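Thanks, everyone, for making time for this.

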Amino acid sequence: MCGRNIRRPPQLRLIGELLYGSGLRLLKALSIRIEDVDLDHRQIMLSRGKGQRDRPALLLR
């Protein structure tokens, strides 16, 4: 059985693209809120990163 014909929810594709394109880890990608995404600047603000500081993660095109 080939896995290419399986229909996946769009949320799974979005999470996969976030993981691949921005280098996020799974739990960090799952904790992103809509307010954290800035499409104009192509970045995601990640809260409580290293040193308990917020930091941006860039989105690839």
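With which residue does R33 form a salt bridge where the closest N and O atoms are 3.9 Å apart? The partner is E35, and by salt bridge I mean a side-chain nitrogen of Lys or Arg within 4 Å of a carboxyl oxygen of Asp or Glu. Before I go further, please keep in mind that this is a predicted model, in which local features need a pLDDT of at least 70 and side-chain atom pairs count only at pLDDT 80 or more, while totals for chains, interfaces and linings use all residues. Residues are numbered from 1 along each chain as its sequence is written, and side-chain values use heavy atoms, with hydrogens and water left out.

R33 also forms a salt bridge with D36, with the closest N and O atoms 3.1 Å apart. As for accessibility, D36 counts as buried at 11%, R33 as partly exposed at 48%, and E35 as exposed at 64%; buried means under 20% relative accessible area, exposed over 50%, and partly exposed in between, with a 1.4 Å probe and protein chains only.

The whole structure contains three salt bridges, one of which links R13 to E17, with a closest N to O distance of 2.7 Å. Because R13 and E17 are four residues apart in helix α1, about one helical turn separates them.

Now the fold. The protein has two helices and three strands, arranged along the sequence as α-α-β-β-β; helices (H or I, at least four residues) and strands (E, at least two) are DSSP runs, numbered from the N terminus. The strands form an open sheet in the order β1-β2-β3, with antiparallel pairing, where two strands pair if DSSP finds at least two bridges between them. The edge strands are β1 and β3, each pairing on one side only. Between β1 and β2 there are two bridges, and V37 stands opposite I44 in β2. In the loop between β1 and β2 we find H41, which counts as exposed at 56% relative accessibility.

Finally, confidence: pLDDT, the predictor's confidence in each residue from 0 to 100, averages 80 over the protein, and 89% of the residues score at least 70. Helix α1 has the lowest mean, 81, and strand β1 the highest, 88.
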